[in-house]
Amino acid sequence: MSEPKAPTPAPGDTYKGWLFKWTNYIKGYQRRWFVLSNGLLSYYRTQAEMGHTCRGTINLATANIAVEDSCNFVISNGGTQTYHLKASSEVERQRWITALELAKAKAFRMQAESDDSGDDSTPPAAGQGAGSRNSEVQSTLRTLGSKVEDLSTCNDLIAKHGSALQRSLSELEGVRLGGETSEKIRQVTERATLFRITSNAMINACRDFLALAQTHSKRWQKALQAEREQRVRLEETLEQLAKQHNHLERAFRGATVLPASQSNPAIDSKGPVSGKGDASDEDEENEFFDACEDVQEFITVPADPKYHRRSGSNVSGISSELGMDDGTTSLDEQSLASNPESPQSQELVPVRKRRTRIPDKPNYSLNLWSIMKNCIGKELSKIPMPVNFNEPLSMLQRLSEDLEYYELLDRAAKCQSSLEQMCYVAAFTVSSYSTTVHRTGKPFNPLLGETFELDRVQESGYRSLCEQVSHHPPAAAHHAISERGWTLRQEIALASKFRGKYLSIMPLGSIHCIFEKSTNHYTWKKVTTTVHNIIVGKLWIDQSGEIDVVNHKTGDRCHLKFAPYSYFSRDVARKVTGVVTDKDGKAHYVLSGTWDEKMEYSRVMQSSRGGENGADGRQKTVYQTLKAKELWRKTPLPEGAENMYYFSTLALTLNELEEGVAPTDSRRRPDQRLMEQGRWEEANAEKQRLEEKQRTVRREREREANRAASPSEEGKESADRVLIEDSPLASDSPLKCGHQDNYKSMWFEQLVDPVTGEPTHIYKGGYWEAKEQGNWDSCPDIF
């Protein structure tokens with residue numbers, strides 16, 4: 001295949017062309033596109049790949065170049081990378097060798113210069129932007145220096161050949177016309193030719209130097225102009241701040257000093273003014289004018305100082321900042337703490353000391369091939385999964401872990417402003433994911449009728465109950481009530497999709513939170529959980545999607561976005577952002593943080609539409625905010641958590657044996673208890689027994705339903721449905737069979753939710769009364 005001949009490379013020029021690269025003994029030499037630029041030799045499969053995929057790169061500054069024969073040569077950087085290359089001809093090979101040697105010499109010289117000037121370079125701590133500008137200037141100076149060296153070399157050659165030409169001309173004058181004439185004329189011609197070539201090189205080098213200088217001159221002019229404009233803007237801003245400072249001083253001097261008993265600041269038509277008249281306030285820095293992190297939908301900037309307003313007490317949290325826009329006053333947490341009727345003022349003494357450790361996870365090996373061998377020709381719902389993939393908790397206990405940070409709802413119940421309350425509820429929705437970051441183990445799928453109670457009334461003021469209310473599709477109902485004035489209920493069903501490399505788990509159903517005092521009713525849904533590296537590699541979990549927390553009483557809304565993890569993203573991992581708006585769509589708070597560490601909020605003072613900054617061309621909203629305050633922070637895991645399935649302090653206590661719980665409680669499940677004790681082989685056998693018992697009970701329930709019905713096609717269809725859905729591991733199947741079990745829950749009843757209009761299971765009462773009486777006669781025998 002004929003290729004156009006590339007020009008002979010000059011020092012510093014980019015050189016490109018086709019070469020044949022040795023791949024392996026099966027494919028031999030393969031044609032690849034090579035690019036030599038800035039001391040780096042890179043190759044691609046095709047020229048079209050240059051924009052997105054590089055197959056390999058060698059730095060010539062430390063590389064060895066060896067010639068094997070007329071067309072072959074080898075490039076190696078010491079053993080880690082070696083390219084065996086072959087050119088189409090000996091001439092082409094020589095061109096590449098020349099270009100590579102020149103590039104190697106230049107790269108080595110530049111590296112030496114960089115090492116010599118390393119002590120004078122700007123340290124990384126000076127800032128990433130300053131470092132990039134310094135690197136660009138250094139690169140430009142090196143390029144200009146190289147061109148100056150070329151000019152100097154050309155100048156020496158011109159002087160040398162010019163002197164030789166002059167000597168030849170002088171000799172020509174003294175030569176008699178004869179046989180020596182032709183020889184002298186030939187010498188003069190050669191000297192003139194060399195002089196012409198050198199002069200052309202000189203002119204080309206000058207032209208390159210001039211073009212480069214002009215290009216960088218334009219850049220420097222633009223940079224200088226930008227610096228001038230920035231200086232003008234800073235001067236204008238400084239002038240504006242000076243005027244505002246003067247205005248605040250006059251307003252402060254003219255303000256009426258309020259008595260100490262009055263804590264509400266006086267507000268006039270010109271802006272908020274402190275009512276305390278404390279001179280020390282003037283000396284304090286405006287510590288709340290910080291910018292929040294930039295997110296995709298909006299940008300936050302420091303608010304104008306005219307919004308500055310100080311509180312009369314050093315109260316932490318939202319309540320210490322400002323009054324709400326709805327005219328109500330924020331709740332003072334310090335006054336609550338001093339109130340003898342407040343639940344916080346009552347000393348809570350735990351009735352028992354909870355455990356802080358469980359047996360360490362055994363290091364059992366798992367033969368995946370034996371599992372895959374048993375999976376050949378079977379449906380996904382018929383694949384037996386051992387407990388090796390599990391953690392010693394059931395899905396009901398995992399669902400109860402949503403209450404890990406119940407204190408957020410306790411604080412929300414004290415809020416007098418619905419917008420402030422929304423911030424705490426939104427932080428609570430994010431906090432429920434913090435326990436999942438390292439929890440790659442699969443919870444035990446609950447048996448139909450299995451329950452789990454979490455009674456923390458004396459310790460934390462709440463108690464909750466979960467029950468597995470459906471088996472096909474699997475669904476669990478949860479109800480929690482607190483003495484602090486809130487109720488949480490939810491029904492969660494799971495849908496999953498296996499994508500080969502990862503598994504996506506999509507929770508279905510709504511979560512409701514109702515506050516007794518304000519009667520505010522909030523609802524939201526969970527985001528998608530993705531488990532990566534299912535087949536090969538280390539498992540890791542990510543949360544992604546969007547959540548809309550809605551207050552159905554006031555119309556307030558909080559839109560939360562869980563950004564999916566991306567290796568190429570410059571944002572922090574597991575990032576969450578949100579905006580709290582009222583029923584009219586006006587933003588009041590901006591939330592930011594990560595779902596595995598903390599959440600913060602910033603009060604929005606002003607919003608405006610920015611320029612087209614988004615990748616899709618949409619305008620971003622610019623929010624001027626006060627300084628961010630912390631809403632929630634994750635509690636560190638207990639010591640040795642990596643050996644205890646990464647359980648949190650609450651999770652360690654969930655499977656602890658307790659007296660008086662129902663016979664259907666997850667703590668009484670034998671296979672789960674055996675796994676926690678490290679007896680996994682016995683746990684697998686017990687797990688299979690429980691699943692077979694559940695299938696037997698299910699078939700009997702279906703037969704009774706068929707006998708009660710009249711003999712018709714309906715009975716036949718029901719019997720056929722039993723045969724289709726009966727599988728060796730139906731309880732571990734992530735598939736939805738589209739059939740609702742003919743089963744009535746013990747403690748929940750299915751109703752149409754009046755708020756969302758969705759059919760859901762709601763707690764009907766009776767469990768805690770049965771526990772007090774010790775009457776569990778109506779509970780089924782599922783274990």
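The model is predicted, so local features need pLDDT of at least 70 and side-chain atom pairs count only at pLDDT 80 or more, whereas totals for chains, interfaces and linings use all residues. Residues are numbered from 1 along each chain as its sequence is written, and side-chain values use heavy atoms, with hydrogens and water left out.

The protein chain holds 15 helices and 29 strands. Helices (H or I, at least four residues) and strands (E, at least two) are DSSP runs, numbered from the N terminus. Of the 783 residues in the protein chain, 41% are buried. Buried means under 20% relative accessible area, exposed means over 50%, and partly exposed lies in between (1.4 Å probe, protein chains only). The accessible surface of the protein chain is about 43900 Å², and carbon and sulfur atoms contribute 51% of this area. Accessible areas come from the Shrake-Rupley method with a 1.4 Å probe; for residues, only the protein chains shown count as cover. Among contacts in the protein chain with a separation of 6 or more, 57% join residues 24 or more positions apart. Contact means heavy atoms within 4.5 Å.

Seven strands form an open sheet in the order β4-β3-β2-β1-β7-β6-β5, with antiparallel pairing. Two strands pair if DSSP finds at least two bridges between them. β4 (56-59) and β5 (64-67) stand at the edges with a single partner strand each, so one side of each lacks a neighbour in the sheet. Neighbouring strands of this sheet are turned by 35° against each other on average, direction ignored. Axes are lines fitted to C-alpha atoms, for helices over the stretch in contact, and angles run from 0 to 180 degrees between N-to-C directions.

Within this sheet, strand β1 (residues 15-24) pairs with β2 in the antiparallel sense over nine bridges. A hairpin of three residues connects β1 to β2. Lys21 stands opposite Gln30 in β2. β1 is also joined to strand β7 (residues 82-86) by two bridges, again antiparallel. Here Phe20 has Lys86 in β7 as its bridge partner. Strand β2 (residues 28-37) pairs with strand β3 (residues 40-44) over five bridges, in the antiparallel sense. Trp33 is bridged to Tyr44 in β3.

Strand β19 (residues 521-524) pairs with strand β21 (residues 540-551) over two antiparallel bridges, and Tyr522 stands opposite Asn551 in β21. Strand β20 (residues 528-532) runs antiparallel to β21 and is joined to it by five bridges. Thr528 has Ser544 in β21 as its bridge partner. β21 also pairs with strand β22 (residues 557-562) in the antiparallel sense, over six bridges. Val550 is bridged to Arg557 in β22. The hairpin of β21 and β22 has five residues between the strands, and Gly555 in this hairpin takes a positive phi near 85°.

Helix α8 (residues 407-414) packs against helix α9 (residues 418-431) at an angle of about 170°, with their axes 8 Å apart. That makes α8 roughly antiparallel to α9. Angles under 35 degrees count as roughly parallel, over 145 as roughly antiparallel, 65 to 115 as roughly perpendicular and the rest as oblique. From α8, the contact involves Leu408, Leu409, Arg411, Ala412 and Ala413, which meet Gln421, Tyr424, Val425, Ala427, Phe428 and Ser431 in α9. The contact residues divide into eight nonpolar, two polar and one charged. Ala, Val, Leu, Ile, Met, Phe, Trp, Tyr, Cys and Pro count as nonpolar, Asp, Glu, Lys and Arg as charged, and the others, Gly among them, as polar. Six of the eight residues of α8 are buried, so α8 is largely enclosed by the rest of the structure. The buried residues are Leu408, Leu409, Asp410, Ala412, Ala413 and Lys414.

Most residues other than glycine have a negative phi. Arg574 is not a glycine, yet has a positive phi of about 60°. Arg574 lies in the loop between β22 and β23 (575-581) and is partly exposed, with a relative accessible area of 26%. Tyr645, also not a glycine, has a positive phi of about 65°. Tyr645 lies in the loop between β27 and α11 (649-654) and is buried, with a relative accessible area of 7%.

Glu630 is found in strand β27 (residues 629-633). Glu630 is partly exposed, at a relative accessible area of 39%. Glu630 and Glu600 are 30 residues apart in sequence, but 4.3 Å apart in space, C-alpha to C-alpha. Not counting residues up to four places away in sequence, Glu630 touches Lys598, Met599 and Glu600.
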